[in-house]
Amino acid sequence: MASKTLKIAVVPGDGIGVEVMPYGVRCLQAVAQKFNLSLEFEHFNFASCDYYEKHGDMMPADWKEKLSKFDAIYFGAVGMPDQVPDNVSLWGSLLKFRREFDQYINLRPCRLMPGVKSPLAGRKPGDIDFWIVRENTEGEYSSVGGTMFEGTERETVIQETIMTRVGVDRVLRYAFDLAASRPRKKLTSATKSNGISITMPYWDSRVREMHKQFPDVAVEQYHIDILTAHFVQRPDSFDVVVGSNLFGDILSDLGPACTGTIGIAPSGNINPSGEFPSLFEPVHGSAPDIFGKGIANPVGMIWAGQMMLHHFGFTEAAAAMLSAIENVLARADLEIMTADMGGRGNTQSLGEAVEKEILATK
Ligand code: ATP
Ligand code: MG
């Protein structure tokens with residue numbers, strides 16, 4: 001992939017997504033210039049609440065056709081609850097991308113960056129550096145179930161967890177592959193087989209089966225409850241952590257929370273086969289409370305762009321981009337840093353500092 005043109009659909013969305021996106025694109029353009037990469041950007045104004053107000057829908061009918069020809073969607077954030085209810089905006093855009101483009105991997109780095117204070121006492125950059133791989137399409141988040149004896153004393157509600165062999169194996173394969181590519185080669189699987197007695201032991205059995213194909217990878221399995229405690233007490237012991245839709249969801253909020261502000265964390269929604277585009281976005285939402293002030297931290301957006309380059313095999317450029325982010329954060333210049341990091345700077349000062357640092361890469 002690294003020699004071809006990477007086609008990127010830029011979808012800023014709502015709120016601070018619109019404010020941080022220009023710096024994400026500028027940083028990608030800077031790294032493309034530096035490393036002679038061919039990146040093609042096309043901007044789209046749908047998947048936003050403004051679009052909804054004009055058209056009565058979050059996206060045009062042919063959105064899938066429009067976006068299918070891209071390798072990646074570079075996504076800002078969606079949702080302005082004062083304009084459109086969150087369930088309408090989210091289900092009408094981001095969740096459609098995830099489902100229709102079969103982005104069955106949700107990937108998040110947990111990496112303590114220099115200049116960022118972890119809420120965990122005594123942790124330094126380098127101490128926390130692992131990946132969370134979440135199953136993104138099935139599991140606990142099914143809509144199968146219902147209510148019986150409604151309105152009576154026997155009222156009973158049931159919601160099913162669905163695990164398919166294809167669905168479990170494909171996320172495990174991705175996680176094993178990722179672990180095998182890293183120096184520590186360690187995979188931690190999150191289940192709860194002592195309490196959830198059918199689906200979770202099944203997941204464990206598929207881990208054991210898949211492990212046979214990756215003998216170099218060390219595997220450990222924890223119940224989700226004790227694993228959350230370990231995230232806080234010894235985050236340095238993890239390398240790649242894999243979990244079902246629900247457990248991965250919980251861990252992928254807890255992990256980045258251990259590494260400082262939500263404003264810098266990125267995430268990928270990945271279709272590994274490349275049959276459909278993958279989507280890269282900051283972890284944060286549209287942050288209506290700070291929208292319009294120009295003070296949003298742009299690093300989550302920029303780092304999501306870095307993940308995108310890494311995913312498509314532009315490893316050298318991606319490494320340089322990550323170093324540039326780290327160098328700027330490490331300087332901890334309060335005139336440049338945004339308020340969420342204790343600084344007096346704004347989106348522009350921090351975004352341009354990273355861009356400049358990329359351009360200064362040797
Ligand atoms: P989602 O839309 O993903 O459900 P949310 O609406 O619950 O998320 P966010 O929009 O991420 O939450 O905002 C949560 C808090 O974090 C807000 O107070 C917001 O101002 C702050 N925040 C989010 N992103 C940033 C950022 N990039 N820079 C500074 N502060 C941020
Ligand atoms: Mg929101």
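Residues are numbered from 1 along each chain as its sequence is written, and chains are lettered from A and ligands numbered from 1 in the order in which they are written. Because the model is predicted, local features need pLDDT of at least 70 and side-chain atom pairs count only at pLDDT 80 or more, while totals for chains, interfaces and linings use all residues.

**Domains**

The protein chain is assigned two stretches of sequence as domain 1 (1-109 + 266-362) and one as domain 2 (129-258). These bounds come from an automatic or database domain assignment. The C-alpha centres of domain 1 and domain 2 are 26 Å apart. Between them, 11 residues of domain 1 contact 14 residues of domain 2. Contact means that the C-beta atoms of two residues, placed from the backbone, lie within 7 Å. On the domain 1 side, strand β4 (residues 105-111) gives the most, with five residues. That side holds six nonpolar, three polar and two charged residues. Ala, Val, Leu, Ile, Met, Phe, Trp, Tyr, Cys and Pro count as nonpolar, Asp, Glu, Lys and Arg as charged, and the others, Gly among them, as polar.

**Helix packing**

Helices (H or I, at least four residues) and strands (E, at least two) are DSSP runs, numbered from the N terminus. Axes are lines fitted to C-alpha atoms, for helices over the stretch in contact, and angles run from 0 to 180 degrees between N-to-C directions.

| Helix pair | Angle | Axis distance |
|---|---|---|
| α1 (residues 16-35) and α10 (residues 299-311) | about 40° | 8 Å |
| α6 (residues 165-180) and α7 (residues 199-211) | about 50° | 10 Å |
| α10 and α11 (residues 315-331) | about 160° | 8 Å |

Angles under 35 degrees count as roughly parallel, over 145 as roughly antiparallel, 65 to 115 as roughly perpendicular and the rest as oblique.

Take α1 and α10, packed at about 40°. That angle makes α1 oblique to α10. The crossing is right-handed. A crossing is left-handed if the near helix is turned anticlockwise from the far one by less than a right angle, and right-handed if clockwise. Helix α1 brings Val-20, Met-21, Tyr-23, Gly-24, Cys-27 and Leu-28, and α10 brings Met-301, Ile-302, Ala-304 and Gly-305. By class, this contact has eight nonpolar, two polar and no charged residues.

Helix α10 also packs against α11. The two are therefore roughly antiparallel. Their crossing is left-handed. Val-299, Ile-302, Trp-303, Gln-306, Leu-309 and His-310 of α10 meet Thr-315, Ala-317, Ala-318, Met-321, Leu-322 and Ile-325 of α11. Nine of these are nonpolar, three polar and none charged.

Helices α6 and α7 pack at about 50°. That makes α6 oblique to α7. Here the crossing is right-handed. Val-168, Asp-169, Leu-172, Arg-173 and Phe-176 of α6 contact Trp-203, Arg-206, Val-207 and Met-210 of α7.

**Ligand shell**

Ligand 1 is surrounded by 15 residues, the closest being Gly-263, His-284, Gly-285, Ala-287 and Asn-297. A residue counts as near if its C-beta atom, placed from the backbone, lies within 6 Å. The shell has five nonpolar, eight polar and two charged residues.
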